[in-house]
Amino acid sequence: MQNPRAARTLKLHWRLLAAAGAVAALVSACHNNDDNAYTPPPVNTAVPFTIFAQQAFANAANSTPVAVNNINFDFDSNDDPTAFNNLIAEGSF
Amino acid sequence: MNRIRWGVAVALGLPVFAFASSHREAPNIARYPTLDATDLYMFNSYESGRAGYVTILANYIPLQDSYGGPNYFALDPAGLYEIKIDNTGDGVEDLTFQFQFTNTLGNNGNGIALNIGPTGNTASIPVPLKNVGMISGASSPNLNFVQTYTLTLVTGPARTGAASPIANATSGGTTFTRPMDYIGQKSFGSDAAYATYAGQYIYNITVPGCSGTGRVFVGQRQEGFVVNLGEIFDLVDFVPIEGDNNPVYNPTGTPFPGGITQNAANNILANKNITTLALELPAACLKGTGNGVIGAWTNASTRQVRVFNPSPTFAKPEVNGGAWTQVSRLGMPLVNEVVIGLPAKDAFNASAPSGDAQFLNYVTNPSLPALLNALFLTAVNQTLGTTLTNLAPTNFPRTDLEAAFLTGFAGLNQLATVTPSEMLRLNTAVAATPAASQNPLGVAAGDLAGFPNGRRPGDDVVDIALRVVMGALCYPLPIGANGAPTNLGLCAPADAPVGNQPFTDGAPINAGMFQTTFPYLNTPLPGSPIGAQ
C-alpha cells in the first residue's frame, strides 16, 4: 500500500515536472545580459513557484537575476511542507 | 535679494524627506539592515607616510546601538559585499573588491559549553553568549563566535570578469578575521585595550596585478556620519541656515536671526556604531589607464531565492540559491535620500551607474528644493514682509546638479570618458590635505582634496549637499588661484535666490574628530558601562 504522503509528493512532482519545460523556457526568456532590459513572458502563464525556485537554484551565482515583475506565480505548493526539502538538503549556504 | 533674513519657520504639513546619508533610506532595504550600505568614503590617504595611496571605507548596518547584545552586528554570511571602481568613465566597474563572510562558533565550531549539574551527573550545555570572559585575540578561548572573510579582486565586470583571491601579505593566507564588536569595557578591559585588540585585524594585503602592499580591515567603528537626523525628519524643525558667524560655516556672512548654530548635540548619531569595510590601496593600482580620476560605489547583493529552513541550525538557518541580486547601492552621499523618489528608491539600490539615465529627471528636476521652498517660503515672507515667490533654483534642467552628482567637474574629478552616472569621484593626483588643514566644506571652501572630490570622514556632506541643491554652484566658488572666486558657468545667481546662503543642519564635523591613521573612523563605542555610549 502506497504511503499517502509519498503519493501526494509524487503527484506534486509529476505536476511540477510537466510544467518544468515551460517554466525553464520562461525563465530562460527572462534572462538577459543587459541589466536594464527585460523581455516579458510570451504568454500570461501562471508559473509554479516551486519550479521557479528550483530553476533559480540551478542558476550559477554569477548569472543574471530573473526578472519577475511580469510573471504570475502559482503557489500550488503552499500547503506542502516538503516542497523544498530537496533544496534544503542539497542547497549551498 | 542678496541676503534673506529668516525668522521662525512654520511647518506646512508637507511630506518629510529622509536625510541620513543612506541609513534605512529605501523601503525594502530597511528590511535587511545587514545588507544596507550607509556611507562610502574615498580619499587620498592623509596618514603620515601614505602618500600615493587611496583609502576606501564602505559602511554597513545602520544605527547600531552599542549595547545590542547578545548577538551584536555580524555581517550577512549570505551576502556579497562589493566595492567597485570605474577608472575609464563608462559607468561600468573595471575593478571589484568582493567580501564574503563566514560565521564560526567558538570551541572549534562546536560552541563553548559548560558542564552543568552535580558531580558525576553533569550535562554539557552550550552557553547562550558570544563571549564567556575577557577577549584579547581571535584565538581567545572565551570568544564563542568568530566572523571570517575572504577578499577577491575581479578585473572586468563583476559577474563575468577574472577573479583572483587577495592574500595576506605576511602569511599568504586568504582568510581574514574581523574583530568581535565592542561588547563593553569589562569584556575587553578598556577603550584602549579594544583599540589594540581591533588593531590586530588590520592586514597588509597583496593584490593580484598590483605592485605594492595594501591594507584591509573589517570591523565595528563609531558612526562617523554627522546629521541632525530627527529634526530633519520632522519637517525640518529648525531654521536650516547658520545663525552666527561660525568661522567655518559662515565666515563672511551675516548671522540669520533664529537660524540654527553649530552644536555637537545636534548630531543625533553621535552614540551609534557602524560596521566598516576598509581598504587602502596604491593609487597606481586603481587608476588604470585613465586620467587618474576614479569613480567608486559599493553594492550588497544576496542570492535571488531564499528558502527558510523549518529546522534551522546555526550553520543552516536558510538556504540561498540563484543569481546574486543587488539590493543596496551607494556612491555619492544623500542621492538615494533626497534626490531619488520614494517609488524608485529600491530600484536605484538594484541599479548600476551605467543605467542611470532612467533616474536623470530626479537630478535635473529635483524635488528637495521645492520641498524646502514649500516648508519655508511663507514663513520667510511673513516674517520679513517680503514677497519672494520661490526659494528654489529655477534653472531647469539643473545642470549644476548633473555636474555635482553625475559627471564630476571638468578639470577636477571628471573621468576620461564622461558618462552621466552616479558614483563618488576622486582625482588621485590632487595631493591630500593634512587633517589639521582640512576644511569640512571641501571644494566649496577651496579645499580641493575634499568632497565632492572624493569624500573624507571630516567632510560635512549634509551642509554641502544642502547648499548645492539650493544653488550654491550658481555663485562663484573660491577655487581659483589663491582662492580667487571662480564662476563655474553652470547657472547664474539670478537662478538661485538663496544659493549663496550658509545652509546647515547645525551638526558640525571636522577631520579632528577622527583618527588620522587607517581605518580613520574611530574605535566603536562600548556596549557598557551605562553612560559610555
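Among contacts in chain B between residues at least 6 apart in sequence, 68% join residues at least 24 apart. Two residues are in contact here if their C-beta atoms, placed from the backbone, lie within 7 Å. This is a predicted model, in which local features need pLDDT of at least 70 and side-chain atom pairs count only at pLDDT 80 or more, while totals for chains, interfaces and linings use all residues. To find your way around, note that residues are numbered from 1 along each chain as its sequence is written, with chains lettered from A and ligands numbered from 1 in the order in which they are written.

**Chain B overall**

Chain B holds 10 helices and 16 strands; helices (H or I, at least four residues) and strands (E, at least two) are DSSP runs, numbered from the N terminus. Its C-alpha trace spans about 90 × 50 × 45 Å along the principal axes. For 533 residues, a compact globule would have a radius of gyration near 24 Å, and the 24 Å of chain B agrees with that. That radius is taken over C-alpha atoms, and the globule rule is 2.2 Å times the number of residues to the power 0.38. Of the 533 residues of chain B, 51% count as buried. Buried means that 20 or more other C-beta atoms lie within 10 Å of a residue's own, with C-beta atoms placed from the backbone.

Strand 2 of chain B (residues 53–65) has 11 of its 13 residues buried, so it is largely enclosed by the rest of the structure. Its pairings are set out below; two strands pair if DSSP finds at least two bridges between them.

| Partner of strand 2 (chain B) | Sense | Bridges | Residues facing each other |
|---|---|---|---|
| Strand 1 (residues 37–44) | antiparallel | 7 bridges | Met42(B) and Ile56(B) |
| Strand 13 (residues 272–282) | antiparallel | 10 bridges | Thr275(B) and Tyr60(B) |

**A buried helix in chain A**

Over in chain A, helix 2 (residues 49–58) has 8 of its 10 residues buried, so this helix too is largely enclosed by the rest of the structure. The buried residues of helix 2 of chain A include Ile51(A), Phe52(A) and Phe57(A).

**Where the chains meet**

The contact takes 19 residues from chain A and 19 residues from chain B. On the chain B side, strand 14 (293–308) and strand 15 (318–330) each supply at least two residues. Strand 15 of chain B gives the largest share of that side, 7 residues. By type, the chain B side divides into 8 nonpolar, 8 polar and 3 charged residues. Ala, Val, Leu, Ile, Met, Phe, Trp, Tyr, Cys and Pro count as nonpolar, Asp, Glu, Lys and Arg as charged, and the others, Gly among them, as polar.

Definitions and conventions: Buried ≥ 20, exposed ≤ 12 C-beta atoms within 10 Å, placed from the backbone.
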